[in-house]
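Have a look at the model first, then read on.

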Amino acid sequence: MKRPAVDLATCTLCMGCVEVCPEVFSLNDAGYIAVAELAAYPFDPVTEAIKYCPVDAITWEEA
Ligand code: SF4
């Protein structure tokens, strides 16, 4: 299964992914983007978030 991963060192916290795909991406209490633990990830919204991310911090990874 593939799951999205966020490179926290690259992420600028623009919140774009949270706006585009809130079911997967959120801002956690530590102030970083968190990826929800899901059995399966919605391909189209995550792909949209990947395209939307201005610094290309989101990628698909093999889980
Ligand atoms: S869209 Fe990219 S830079 Fe913006 S919060 Fe999400 S991962 Fe970070």
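Among the contacts in the chain with a separation of 6 or more, 66% join residues 24 or more positions apart; two residues are in contact if their C-beta atoms, placed from the backbone, lie within 7 Å. Bear in mind that this is a predicted model: local features need pLDDT of at least 70, side-chain atom pairs count only at pLDDT 80 or more, and totals for chains, interfaces and linings use all residues. Residues are numbered from 1 along each chain as its sequence is written.

The secondary structure comes to two helices and four strands, and along the sequence they follow the pattern β-α-β-β-α-β. Here helices (H or I, at least four residues) and strands (E, at least two) are DSSP runs, numbered from the N terminus.

As for overall dimensions, the C-alpha atoms fill a box of roughly 25 × 25 × 20 Å along the principal axes. A compact globule of 63 residues would have a radius of gyration near 11 Å, and the chain's 10 Å agrees with that. That radius is taken over C-alpha atoms, and the globule rule is 2.2 Å times the number of residues to the power 0.38. Of the 63 residues, 19% count as buried. A residue is buried if 20 or more other C-beta atoms lie within 10 Å of its own, exposed if 12 or fewer, and partly exposed in between, with C-beta atoms placed from the backbone.

## R3 and its partners

R3 sits in strand 1 (residues 2-6). It counts as partly exposed because it has 16 C-beta neighbours inside 10 Å. Leaving out residues up to four places away in sequence, R3 touches V35, Y41, E61 and A63. The C-alpha atoms of R3 and W60 are 5.6 Å apart, though 57 residues separate the two along the chain.

Most residues other than glycine have a negative phi.

## Around the ligand

Which residues are closest to the ligand? They are C11, C14, G16, C17 and C53, out of 15 that surround it; a residue is near a molecule if its C-beta atom, placed from the backbone, lies within 6 Å of it. The shell divides into 13 nonpolar residues, two polar and no charged. In this scheme Ala, Val, Leu, Ile, Met, Phe, Trp, Tyr, Cys and Pro count as nonpolar, Asp, Glu, Lys and Arg as charged, and the others, Gly among them, as polar.
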